[in-house]
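Here is a brief report on one protein model. It covers confidence, nonpolar cores and a sheet.

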Amino acid sequence: MSRTVSSWILSSARNSIVLQGKGRWYSIRIPNRNKIKWKLVFSKTCPYPAGSCSLDSTFSFHRAFRHTSTEEEHFSFQLSPAQINDILRAGELSHKTLDLNGKNANSVLRFESNQLASNSPMEDRRSAATCLQTAGMMFGVFDGHAGAACAQAVSERLLHYIAVSLMPRQSLEEFELAMEAMKPVRPILQWHRHPNDVKYQEITSQYFENLRVYWQHLLDLDTEPGLSLEEAMICAFKRLDSDISLEVQAPQENELMRNIALQVAFSGATACVAHIDGVHLHVANTGDCRAVLGVREEDGTWSTLPLTRDHNAYDEFEIRRLKREHPRSEEKTLFVNDRLLGILMPSRAFGDVQLKWSKELQHSILENSCDVEALNIYQYVPPNYHTPPYLTAEPEVTYHKLRSKDKFLVIASDGLWEMLSNEKVVKLVAGHLTELNMQKPPLTFKKPVNLGYMHNLLLQRKSKGVASLDQNIATHLIRHAIGSNEYGEVDPEKLAAMLTLPEDLARMYRDDITVTVVYFNSETIEDYYRNH
């Protein structure tokens with residue numbers, strides 16, 4: 001590790017005045033304070049109950065390479081290339097879409113995803129699923145703050161709420177009849193999960209019961225022909241956030257479920273979900289995750305098409321929306337230091353009931369709860385809290401009709417976008433595609449074909465370096481996000497430094513990063529337009 005980079009990191013650490021108090025770190029100087037969504041709050045204690053995710057269980061080898069001391073004699077950045085790859089590739093997930101005949105008739109060719117933690121435990125979550133009762137596939141990225149609990153719950157539940165919102169009335173009636181007869185209900189989604197993805201097993205039954213209450217509500221609406229896709233996504237987001245709020249107010253079966261409900265409601269999460277059905281792409285976004293389309297133009301150049309807006313103090317539409325919803329006397333206090341009420345970076349999110357409930361309701365719920373400090377619940381009422389709610393989970397939905405030149409969709413948490421621009425991300429994905437194609441020439445056979453000839457061809461391909469390239473594009477993006485130098489090239493020393501930062505420093509220099517890249521099947525899209 002170069003002396004320059006290591007000295008820069010150690011100097012930053014020592015110049016930061018850090019005060020420890022009651023399970024939180026309060027830092028007076030932060031190198032990049034905009035990366036911290038809840039201002040000046042760093043969790044030391046794990047907010048997860050027993051049986052749920054932790055950094056150690058999900059990425060068991062991280063702690064062996066990360067440091068807990070900022071003393072120079074204890075500080076080492078020595079990681080071998082193999083160790084770096086092990087860390088970066090631990091969360092890789094990929095899935096290729098095939099129909100029953102083994103051919104791809106789906107507009108989604110495949111998807112690749114990965115995550116890299118900065119927080120301990122990681123606060124980001126992701127979801128991917130195929131709809132079984134309706135058409136289409138869904139992909140979601142969820143960026144938690146003030147703990148991982150809300151992002152965990154939303155990642156488990158939101159796609160179910162959207163799928164139920166899209167189901168025809170007859171299917172909902174069949175589901176309800178099966179429940180009344182105590183018969184099994186057909187699965188709604190086929191999940192595509194990483195082996196280390198976790199679930200709140202202890203509360204799954206309650207989540208399903210509340211989902212049932214939601215589909216009963218949809219049946220009571222008696223609307224035909226049902227909700228449009230945009231309406232379904234908006235309705236699902238808002239209903240889930242409402243359920244999160246109500247669950248913590250309702251009596252719970254035991255203390256564990258009560259604690260989970262408290263942690264979910266008092267932490268928060270932004271969400272970006274894409275629904276793809278044929279050539280129809282809908283993206284619902286709440287907060288500052290982002291979805292960007294990579295487009296290959298006719299002349300071979302690549303362009304970028306953003307499908308979301310960041311909901312924060314830098315967006316004029318959000319500022320005007322909040323000013324419309326609150327009295328003129330609050331105009332100057334809605335955003336303080338580019339944060340909602342001086343506290344929160346995103347202006348839309350799930351959970352975060354501290355910015356949605358009245359002061360009286362917050363006091364009533366927390367007063368009757370167990371030790372909220374042990375649960376790492378963030379308690380603070382800002383000085384200008386007069387007309388809640390200030391925060392909403394209602395998404396902004398964008399529709400895009402896919403064209404053959406639309407090649408891929410990138411959905412990622414803001415940990416990626418803080419490091420790389422939209423254009424840089426599209427350029428990296430496009431370059432990765434080109435490089436993979438160059439390194440994988442088509443196998444040409446001489447007749448007669450035998451096993452020895454095949455073996456030699458495969459050895460030739462391997463000798464050209466295919467194995468040295470990240471096969472998962474999400475890993476490639478994360479590598480560049482944390483390891484790129486000023487020339488846009490990956491600096492191995494900087495990459496090693498960013499991966500070995502102590503836990504109390506890592507969050508200051510990078511955020512959790514979650515990336516999902518969805519590749520489209522151009523042939524299927526072209527077939528659609530030929531047939532229509």
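## Confidence

The protein has an average pLDDT of 83, and 78% of the residues score at least 70. pLDDT is the predictor's confidence in each residue, from 0 to 100. This is a predicted model: local features need pLDDT of at least 70, side-chain atom pairs count only at pLDDT 80 or more, and totals for chains, interfaces and linings use all residues. Residues are numbered from 1 along each chain as its sequence is written, and side-chain values use heavy atoms, with hydrogens and water left out.

Residues 1-6 stay under 50 in pLDDT; the model gives them nine contacts beyond four places in sequence. Contact means heavy atoms within 4.5 Å. Residues 463-467 also stay under 50, with seven such contacts.

## Nonpolar cores

A nonpolar core is a set of buried Ala, Val, Leu, Ile, Met, Phe, Trp, Tyr and Cys residues joined through side-chain atoms within 4.5 Å. Buried means under 20% relative accessible area (1.4 Å probe, protein chains only). The largest core has 60 residues; Leu158, Ile162, Val164, Phe266 and Phe350 touch the most other members. Helix 5 (residues 149-166) supplies its largest share, twelve residues. A second, separate core has 36 residues, including Leu433, Ala474, Ile482 and Ala496.

Beyond four places in sequence, Phe266 contacts Val353, Gln354, Trp357, Ile365, Leu366 and Ile377.

## The sheet

Six strands form an open, antiparallel sheet in the order 4-5-18-17-11-12. Helices (H or I, at least four residues) and strands (E, at least two) are DSSP runs, numbered from the N terminus. Strands pair if DSSP finds at least two bridges between them. Strand 4 (93-96) and strand 12 (302-306) are the edges, each pairing on one side only.

Strand 17 (residues 406-412) and strand 18 (residues 513-520) run antiparallel, joined by five bridges. Leu409 stands opposite Val518 in strand 18.

Note on methods. Buried < 20%, exposed > 50% of the residue type's maximum accessible area, 1.4 Å probe, protein only.
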